[in-house]
Amino acid sequence: VFGRIRSRRPVPAVPKAAKAPTPRLWTDITYSRNLLRHPIDSYYDLKHGHRGSVLSATILLGLLFIVYMGDRLLNSFLFRELAPESAPVFTYILLFVGGVILWVIGNYMISAINDGEGSLSNVYIMTAYALTPYLLITPVKILLSYGLSLNEGFLIQILSILGIAWSAVNLFVGVMEMHAYTFRETIKNILLTLFFILIAVIVIAMMTMIWSKVAAFFEQIWG
């Protein structure tokens with residue numbers, strides 16, 4: 001009997017189930033929070049593909065669009081510029097979508113001319129992640145607008161300025177890191193990009209006016 005007891009082997013421990021890895025897409029999206037604390041390191045990871053992707057950037061821009069429209073339409077009536085039913089919704093959509101497209105294309109073209117290292121996808125991803133402060137702060141501002149009075153409205157203004165200013169600083173640092181520019185080269189790149197956007201808007205407006213006149217002319221001819 002004792003021999004049988006001694007001959008028994010210990011029961012092997014059952015291995016614990018391995019923890020499922022976090023999906024890469026979710027990790028890329030939530031990585032935007034890291035940019036708030038370590039922007040330079042974060043842009044390095046985004047530039048070299050360690051973090052972020054075109055898909056995650058597109059999702060962030062989609063969320064940003066929702067927040068932007070909420071900022072235009074969903075604030076309390078005390079802090080709202082226009083009533084939702086009279087707001088130019090199409091203009092808001094055009095400003096957001098057109099602004100992002102013109103910025104990304106313009107910044108890439110200017111950087112390509114001035115020896116910038118960033119690719120088109122780099123600029124697109126950087127832009128989406130750089131606007132994280134606005135994405136996170138604006139919903140807080142919208143909620144607070146329903147609990148504050150006009151005398152406390154300065155808090156709404158502070159949050160609005162903070163979200164925009166912080167995003168602008170992130171965008172500046174992002175351009176500098178993505179294209180490996182100096183401080184002065186970054187200023188030059190951004191100013192030229194803004195000039196490109198201005199010219200593009202003027203050209204598009206002129207083409208739209210010409211097209212509308214041509215269409216009206218043919219409409220009169222054909223009756």
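1. The surface first. The protein exposes about 14,700 Å², and carbon and sulfur atoms supply 71% of that area. This is a predicted model, and every value here is computed from it.

2. Burial. The protein has 223 residues, and buried residues make up 36% of them.

3. Secondary structure. Read from the N terminus on, the elements run α-α-α-α-α-α-α-α-α-α.

4. Contacts along the chain. Take the contacts between residues at least 6 apart in sequence: 75% of them join residues at least 24 apart.

5. The nonpolar core. The largest one has 40 residues. Y43, L46, L64, W103, M126 and Y129 have the most contacts inside it. At least two residues of this core come from each of helix 4 (39-47), helix 5 (54-73), helix 6 (89-113), helix 7 (120-130), helix 8 (132-144), helix 9 and helix 10 (183-222). Helix 5 gives the largest share, eight residues.

6. A closer look at L64. This residue is among those with the most contacts inside the core. Set aside its neighbours within four places in sequence, and L64 is in contact with F96, L131, Y134 and L135.

7. Helix 9. This helix covers residues 153-179, 27 residues in total. From its first C-alpha to its last it reaches 39 Å, close to the 39 Å expected at 1.5 Å a residue. A180 follows helix 9, and the phi of A180 is positive, near 55°.

Notes: Residues numbered from 1 in each chain as written. Predicted model: local features only at pLDDT ≥ 70, side-chain atom pairs only at ≥ 80, totals over all residues. Heavy atoms only, no water. Helix = DSSP H or I, 4+ residues; strand = E, 2+ residues; numbered from the N terminus. Expected span 1.5 Å × (residues − 1). Buried < 20%, exposed > 50% of the residue type's maximum accessible area, 1.4 Å probe, protein only. Contact = heavy atoms within 4.5 Å. Areas by Shrake-Rupley, 256 points an atom, 1.4 Å probe, with all protein chains shown as cover. Core = buried A, V, L, I, M, F, W, Y, C linked by side-chain atoms within 4.5 Å.
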